[in-house]
Amino acid sequence: MNPKINKVAVLGSGIMGSRLACHFANCGLEVLLLDMPDPGDGNSPNNLVNKALAAAVASKPSPLYLDRLAGKIQTGNFSDDLPKVADCDWIIEAIVEQLEPKQDLYRRLEEHRKPGSLVSTNTSGIPVADLCQGRSDDFQRNFCGTHFFNPPRYLQLLEIIPGPKTEAAWIPYLLQFGRHRLGKVAVQAKDSPAFIANRIGVFGIMTLLHSMAKLDLDITAVDQLTGPLIGRPKSATFRTCDVVGLDTLVKVAQGVHQRCPDDEYHELFAIPDFLQKMLSEGLLGDKTKQGFYRKTKDASGAKKIEALDLRTGEYSVQSKTKFPLLDPIKQESDLRKRIKGLIQMPDKGGEFLRQSFARNLRYASLRIPEICETPYEMDEAMEAGFGWELGPYALWDAIGVREMGQLMTLYGEAPAPWVQSMLDAGFDSFYENREGELWCYHPGQGCRVKVPHRDRIVDLHLLKPTRLVWSNSGCSLIDLGQGVLNVEFHTKMNAIGGEVIAGFRKGVELAEKDFAGLVVSNHSSVFSAGANLGMVFMLAAEQEYEELDMAVRAFQSFTMLARLSKVPVIVAPKGLTLGGGCELSMHADGIQAAAETYVGLVEVGVGVIPGGGGTKEFAVRLSDRYRQGDVEYNALSQVYMNIATAKVATSAMEAKAMGIFRDSDRISLFEAQRIAQARDWVLELAQAGYTPPTQRQDVRVPGKAGMALLLAGVNGMHMGNYISDHDRLIANKLAYVLCGGDLSYPQLVSEQYLLDLEREAFLSLCGERKTLERIQHMLKTGKALRN
């Protein structure tokens, strides 16, 4: 076998199928999306599939990195277009979750697919072995399960489930293809009910639902304890149920209940009475606008969120349960240390977590080797599929394997025998960090094995114990190996203040002396929320303008250092990259961004313009576009509107389209390889004989002519009462800087000239009362205030 996948057919255009087609298009694949012909419209048989795709493209959050990628998807119907699958390398079925319709479609596929092409099912629970029964030998050898999680763009897990006759070569290929081409955490699962993630995740939910009557906690209290506090998503438990849909949850639970009569907790997969009642009343969660929670409005029209009281069946606004002992523990930023503190709490919150961890960890240990062979496979599945920061075994390690095992036994939840065998053999943890490489205990082999598929993954947490070069309270410098140094931020929201700037300067100093270059990266979902607004507010409120001027100069010097250092600097953002984080990225030699990078200059939202070089940098880039023959004022207007409206790119591809990232900047589909790829780029530049740039003296700006164009629209919006006086002031300052100031005609200026204009505009806006109100509101609520 020498499999290659370039064109994919997706059969079924429902919520999952249409979004799978979109994500394949994101990844550069040609896609054929087929569904049933529209029975009510003989003239437009593709009406059903076209509407489904249009609905997917219009949905929020978008399944596409860019709307134009929908052009890579060809639509059709099963009656007319099924023969087209002969041109496809991979056919993935995502129709209704019932055995007979799937098998019927496979029979029809046999007539048209080319021999050797991959056929897979996106089933979430029907046995793969049952699905391919009766098919030809070639079909069965090239058939497997490929279980994506919805929405497939955003949830990273892909479970690969071999069938009884699947060619062995397909599995490593798909594990590799899933990671490198689709950007997924691809994990091999066994053909067992609900596979890995749903089996473990739904068990945790079902055991909680059955114990609610015994708990002295309401659903909001449980969600307080089972969300970010323990490294889980904000949706925690009950909000997650609403998002997924209670009908979907019940379907998975019923499947396990029916097919796993010997499961040690078989009865916990039975549906409790209150959940059956919710189903019968149509309380399915977000899809029916009410489930465990619902959004309503009070008499004044203000929005409110009500929670369901499981005892009375009534909705009400529930205040947060007070857990006084939580307050000091919540301040601990290290999740592993926080977990250890939580299970030691003597109150009912601590008791709840002890019982919950004990049962769930026992269940996880009992499922090896039934659903997967190793702890790392289960952890990868839970972290990627359910968004847990720590999978079951990483969590167990954080508490201590022996200590947690004793606690589990105390609660009547003794671990599976292999855990004790591991301890008896002298292994006191599931994982071991061997000089930056992750090893894990393999129960079947009785020893630790190197976790596979990590050769191109750089984990800063694993490197830090042995390769920390320097640190302060907001920044760490870590040796990535191969002569490259990494700057990692670790302030709150990775905000950039004095400690981060000092750390970056130290990094450049060390890199220029002893390293080939510098990478700026971290593992947070917030690469950087921007400058330290608290400091800006304090200095502006106290009218310490000289100090504020010095602070802005220091920030501009910080971003320019990324441009002018004597060694190459690559910034590798992921997640939120706002304000100053965006400005730093724009000044680097290159950007190695995760595909899911949400980036923009958002300073207008707090009443100022970008003051760390962002406005200047767009003026520089516009100047270069003018030279390339771009229509000058169209480009200027688009950039101006993006900054003035604080527009944030919703993907790295969109950031390129907006001009925040350059065409030469690179995107990592598989986020885990982002730092390694950034390191490689540094070495590539260094080995090519890196020459640092100098400050530009040739930036062409349009002056008054450009300002007149931009301000005509601003004045019109102000006269129509669409923007406030303060909004107009900000817009005027932005136009002034972007166009190079009060120049009578287009001319060449220096970068420093533009930085000075930018700084002066920023400082003048900081003196406005409305700006201080906006900054204060942002600091209190995390949201922009509109006048």
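This is a predicted model: local features need pLDDT of at least 70, side-chain atom pairs count only at pLDDT 80 or more; totals for chains, interfaces and linings use all residues.
Residues are numbered from 1 along each chain as its sequence is written, and side-chain values use heavy atoms, with hydrogens and water left out. Local features need pLDDT of at least 70, side-chain atom pairs count only at pLDDT 80 or more, and totals for chains, interfaces and linings use all residues.

Q: How many salt bridges does the structure hold?
A: A salt bridge is a side-chain nitrogen of Lys or Arg within 4 Å of a carboxyl oxygen of Asp or Glu. By that criterion the total is 56.

Q: Which residue meets the side chain of K114 in a salt bridge?
A: The N to O distance is 3.0 Å, and the partner is D89. The pair links distant parts of the chain, 25 residues apart. K114 is in the loop between α4 (99-110) and β5 (118-121); the loop between α3 (78-81) and β4 (90-93) holds D89. Helices (H or I, at least four residues) and strands (E, at least two) are DSSP runs, numbered from the N terminus.

Q: Is D89 buried or exposed?
A: Buried means under 20% relative accessible area, exposed over 50%, partly exposed in between (1.4 Å probe, protein chains only). K114 has 30% relative accessibility and counts as partly exposed. D89 has a relative accessible area of 15%, so D89 is buried.

Q: Which residue forms a salt bridge with E488?
A: The closest N and O atoms are 2.8 Å apart, and the partner is K464. Strand β17 (residues 484-489) carries E488, and helix α20 (residues 460-467) carries the partner, 24 residues apart. E488 is buried at 5% relative accessibility.

Q: How far apart are the closest N and O atoms of D698 and R696?
A: D698 counts as partly exposed, at 30% relative accessibility. D698 forms a salt bridge with R696, and the distance is 2.6 Å.

Q: Which residues do salt bridges that share partners join into one network?
A: Shared partners connect the salt bridges here. The network consists of R113, D137, D138, R141 and E167.

Q: What is omega for the cis peptide bond that joins I368 and P369?
A: P369 sits in the loop between α15 (348-366) and α16 (375-385). For the bond joining I368 and P369, omega is about 10°.

Q: What is phi of Q482?
A: Most residues other than glycine have a negative phi. Q482 is in the loop between β16 (475-481) and β17, and is exposed at 52% relative accessibility. Its phi is positive, near 60°.

Q: What is the positive phi of M493?
A: M493 is in the loop between β17 and α21 (498-514). A relative accessible area of 44% makes M493 partly exposed. M493 is not a glycine, yet its phi is about 55°.

Q: Which residue in β22 is the bridge partner of V571?
A: Strands β20 (residues 569-571) and β22 (residues 590-594) run parallel, joined by two bridges. The partner of V571 is I591.

Terms used:
Two strands pair if DSSP finds at least two bridges between them.
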